[in-house]
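Biologist: I would like to learn how to read a protein model. Can you take me through one, feature by feature?

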Amino acid sequence: MSRWSIMRYEFQSWADFESGGRPASAVEFEYHPDRNPGLSEQTKRIVEECWNAELEHEPRLFDSPAVTLLEVTDGAIHTGPARFRQHVIRRLVLSGDRYDVPASARAELRESVRLLSLMTAVVTSDDELLVGVKQTDGTDTRFLSLPGSGYLDRDEDLIGGRFRPTRAVIKREIQEELALVDLGEIRCLGVFEDCHHDSHLNPALFSVVSTPTSTATICSDAAEAVDADEFVTLTTIPIDKRLIGALLEAGIGQKPELFEESVPELEGPVSGLSHKTVLLLSLLGRLRFGMEWFRTRCKHRDAVHISKTN
């Protein structure tokens, strides 16, 4: 596997489909119901105890059925059963926010639980990137993320114990947040995991959707989406080398004032980008502007470097 760094952001590459990506039809999810997280009884008890403690602080938490990433072989993404509570406690343990647990339990959670999600960039017919503003619960902190992303759901994405086609899985998440029907072309870019302690600490399939639907139609219809409240507001930016570069520089904290320049319709301050958004913007640049843009940016900005690890 390779290890990627974008300033303080860190990622692990499970599978990189290179600059051109792959059509969604060439990527499939495989589900192995008997390959669940191999947690010891002690670690299971720790998860339950910590989860119950979390519910006292945040009663809205919901323990839904999810899937954990096992491995990626060529175009097949192999998964097994997991629970959302396992991911929540894993993230809290590994980030150091709360819960001092034995080293053995920490290692089990780190190696066995990797809740799989989708990370999608939606490009409209106007050649603009759809961007959403999210607000951290209980605070005034706002950050940028990309709508159409979320965790895989065993109840929604599996039929008869088998995953629906990858295009249908991606479409389900996008429709929930945007009510977008016509996805157009989907390019899957790879499977990557954010590893920085201040991130979501989980892998995702990164993709770009190029829809024939206009910007105005998407933003209008999104108000009626099931999960419309996921974002404070939606806006777009042109797919332009300078603007994407400025947004990345703002997101990694080098020049936060560039947020206003790159996304003038924000209508208020934002503090940064989600970790996965930083990576997906870089991959989108690689897809649209070419490897030379990606390599030159890495070298010149000292923003991204890739080192191979076995």
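Biologist: Which share of the contacts with a separation of 6 or more comes from residues 24 or more positions apart?

Modeller: That share is 72% in this protein. Keep in mind that the model is predicted.

Biologist: How many helices and strands are there?

Modeller: The secondary structure comes to 10 helices and 17 strands. As for burial, 53% of the 310 residues count as buried.

Biologist: What is Ile174 in contact with, leaving aside its neighbours within four places in sequence?

Modeller: Its partners are Thr120, Val122, Gly148, Ala179, Leu180, Leu183 and Val209. Now compare sequence and space for another pair. Ile174 and Ala121 are 53 residues apart in sequence, and their C-alpha atoms are 10.0 Å apart in space.

Biologist: Next, a whole helix. Which residues of α3 are buried?

Modeller: Helix α3 covers residues 103-112, and Ala105, Glu108 and Leu109 are buried there. To read a helix, look along its axis and ask where such residues point. Here they cover an arc of only 95 degrees, so they sit on the same side of α3.

Biologist: What do the buried residues of α3 pack against?

Modeller: They pack against α1 and α2.

Biologist: At what angle do the axes of α1 and α3 cross?

Modeller: They cross at roughly 85 degrees and come within 10 Å. Angles of 65 to 115 degrees count as roughly perpendicular. That makes α1 roughly perpendicular to α3.

Biologist: Which residues meet where α1 touches α3?

Modeller: From α1 come Gln42, Thr43, Ile46 and Val47. From α3 come Ser104, Ala105, Glu108 and Leu109. By class, this contact has 4 nonpolar, 3 polar and 1 charged residues.

Biologist: Now charges. What is a salt bridge?

Modeller: Look for a side-chain nitrogen of Lys or Arg within 4 Å of a carboxyl oxygen of Asp or Glu. By this rule the count comes to 20 salt bridges. One of them joins the side chains of Asp74 and Arg22, at 3.1 Å from N to O.

Biologist: Why does that pair tie together parts that are apart in sequence?

Modeller: Asp74 lies in the loop between β5 (65-73) and β6 (76-83), while Arg22 is in strand β3 (residues 22-23), so the pair ties together parts 52 residues apart in sequence. Asp74 is exposed, with a relative accessible area of 61%. Arg22 counts as partly exposed, at 23% relative accessibility.

Biologist: And the pair Asp63 and Arg85: are they buried or exposed?

Modeller: Both Asp63 and Arg85 are buried. Their side chains meet in a salt bridge of 2.2 Å, N to O. This pair also links distant parts of the chain. Asp63 is in the loop between α1 (41-57) and β5, Arg85 is in helix α2 (residues 84-95), and they are 22 residues apart.

Biologist: How far apart are the closest N and O atoms of Glu185 and Arg187?

Modeller: They are 3.8 Å apart, and the two residues form a salt bridge. Glu185 is partly exposed at 44% relative accessibility. Arg187 is partly exposed too, with a relative accessible area of 22%.

Terms used:
Residues numbered from 1 in each chain as written. Predicted model: local features only at pLDDT ≥ 70, side-chain atom pairs only at ≥ 80, totals over all residues. Heavy atoms only, no water. Helix = DSSP H or I, 4+ residues; strand = E, 2+ residues; numbered from the N terminus. Buried < 20%, exposed > 50% of the residue type's maximum accessible area, 1.4 Å probe, protein only. Arc of directions from axis to C-beta. Contact = heavy atoms within 4.5 Å. Axes fitted to C-alpha atoms, helices over the stretch in contact; angles between N-to-C directions. Parallel < 35°, antiparallel > 145°, perpendicular 65-115°, else oblique. Nonpolar A, V, L, I, M, F, W, Y, C, P; charged D, E, K, R; others polar.
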